[in-house]
Amino acid sequence: MDKDGLRMLVNILQQNKDVPAEVWRTLVSHSGVEERENLASMAREGAVERFGNGMYVRALIEIGSYCRNNCNYCGLRCSNRQAQRYRLAKEEILECCRRAAVLGFNTFVLQGGEDPGQSDEWLADVVAAIRAEFPTKAITLSVGERSLETYSMLRHAGANRYLLRHETADDEHYSFLHPHTMSASNRRMCVLDIKAAGFQTGTGMMIGSPGQTVEHLVQDLLFLDKVKPHMIGIGPFIPAAGTPFANEPHGSVDDTLLLISLLRLRFPKALIPATTALETLCDDGIQRAVLAGANVVMPNLTPYEMRCRYTIYDNKINSGCNSEQGLVALSTKLEEIGYHIDFSRGDY
Ligand code: 5AD
Ligand code: SF4
């Protein structure tokens with residue numbers, strides 16, 4: 001592809017109209033090193049124009065590692081006997097929020113498996129307690145598939161945002177990655193329900209998950225075009241011990257960065273995190289994601305002893321920002337590339 005050809009395709013992404021599958025296909029499958037660099041710099045320029053050189057930070061609190069599901073890729077799947085399980089109590093979660101608030105965070109992200117031990121009502125109670133203590137903070141939930149009624153209840157309790165990756169938009173690929181008790185259509189319905197309940201909605205997929213093809217990624221991009229999410233989380237697949245995919249190769253860092261750039265160009269306002277999975281695969285993962293168009297980082301504020309047990313994949317980075325020191329380290333990383341931490345809420 002020459003530079004003009006690439007520019008023409010990028011123009012199509014930026015028209016804010018549905019992008020034809022063929023355009024996505026070409027961009028995903030025909031971008032070599034040079035094209036990727038050009039896409040990253042165009043994406044980065046767009047992000048800087050809109051967000052400046054600030055990176056939004058969200059305090060990630062992993063509230064529990066129990067899960068009733070059995071996703072084939074995830075270390076927390078219920079049949080993984082090697083997984084270490086824990087549940088944070090309401091007061092422990094509130095403590096995390098307080099620590100995060102002292103450090104300057106304005107968004108708390110509560111993430112966990114689908115744990116019947118942390119029921120819908122319990123969650124709503126926790127959200128209400130956080131909301132009462134922190135009236136101006138954003139509360140984000142990432143706690144899986146629930147009913148529309150539950151999503152509405154959690155929204156009314158005071159949560160503002162909800163993350164639920166669709167994982168893959170292809171029905172057959174979805175079945176390959178999940179047990180038969182889960183379905184792609186239900187997953188997509190949940191994402192739409194979350195939006196209908198009034199949440200700023202996040203979705204996304206793994207890059208390089210077992211069996212994933214270019215056509216699957218094209219379908220993912222078409223799905224995102226349809227949903228128009230406020231937040232898009234993508235990260236490389238990383239094998240997890242004790243799962244059926246334990247010996248599969250991990251997803252490509254470069255492909256993840258390419259997808260970040262394409263998504264930034266298509267969704268200029270979206271909140272796109274530099275994910276922990278990317279950071280796990282390379283030391284400068286956060287920096288490279290920022291330079292490819294990401295605008296969010298989610299430092300981990302889970303209590304350290306628990307954090308080691310939240311192993312959705314192997315070698316997950318456990319450094320976090322539990323202290324002033326951790327934040328300084330992140331800040332230094334960002335400064336090295338001309339960026340800084342932006343503590344504001346960063347709503348869509
Ligand atoms: N590698 C990378 N990402 C994973 N996730 C779950 N397991 C893995 C893995 N092995 C992602 C899923 C899920 C998110 C919380 O973590 O996309 O939605
Ligand atoms: Fe549970 Fe989520 Fe892991 Fe699936 S990906 S097993 S739903 S924690």
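I worked from a predicted model, where local features need pLDDT of at least 70, side-chain atom pairs count only at pLDDT 80 or more, and totals for chains, interfaces and linings use all residues. Residues are numbered from 1 along each chain as its sequence is written, chains are lettered from A and ligands numbered from 1 in the order in which they are written, and side-chain values use heavy atoms, with hydrogens and water left out.

**Ligand 2.** I looked up which residues surround ligand 2 and found Cys67, Asn69, Cys71, Tyr73, Cys74, Arg77 and Gly113 (a heavy atom within 4 Å counts as near). I noted that this shell divides into 4 nonpolar, 2 polar and 1 charged; Cys and Tyr count as nonpolar, Arg as charged, and Gly as polar.

**Helix α5.** Next I checked α5 (residues 120-133, a DSSP run of H or I, at least four residues). Its 14 residues reach 20 Å from first C-alpha to last, close to the 20 Å expected at 1.5 Å a residue (1.5 Å times one less than the number of residues). I listed Leu123, Ala124, Val126, Val127, Ala129, Ile130 and Arg131 as its buried residues (under 20% relative accessible area, 1.4 Å probe, protein chains only). Their cover includes β2 (59-64), β3 (107-112) and α6 (contact is heavy atoms within 4.5 Å; strands are E runs of at least two).

**Helix α8.** For α8 (residues 184-196), 13 residues should span 18 Å, and the end C-alpha atoms are 18 Å apart, which agrees. Among its buried residues I noted Arg187, Cys190 and Asp193. Just after α8, Gly198 takes a positive phi of about 95 degrees.

Notes: Buried means under 20% relative accessible area, exposed over 50%, partly exposed in between (1.4 Å probe, protein chains only).
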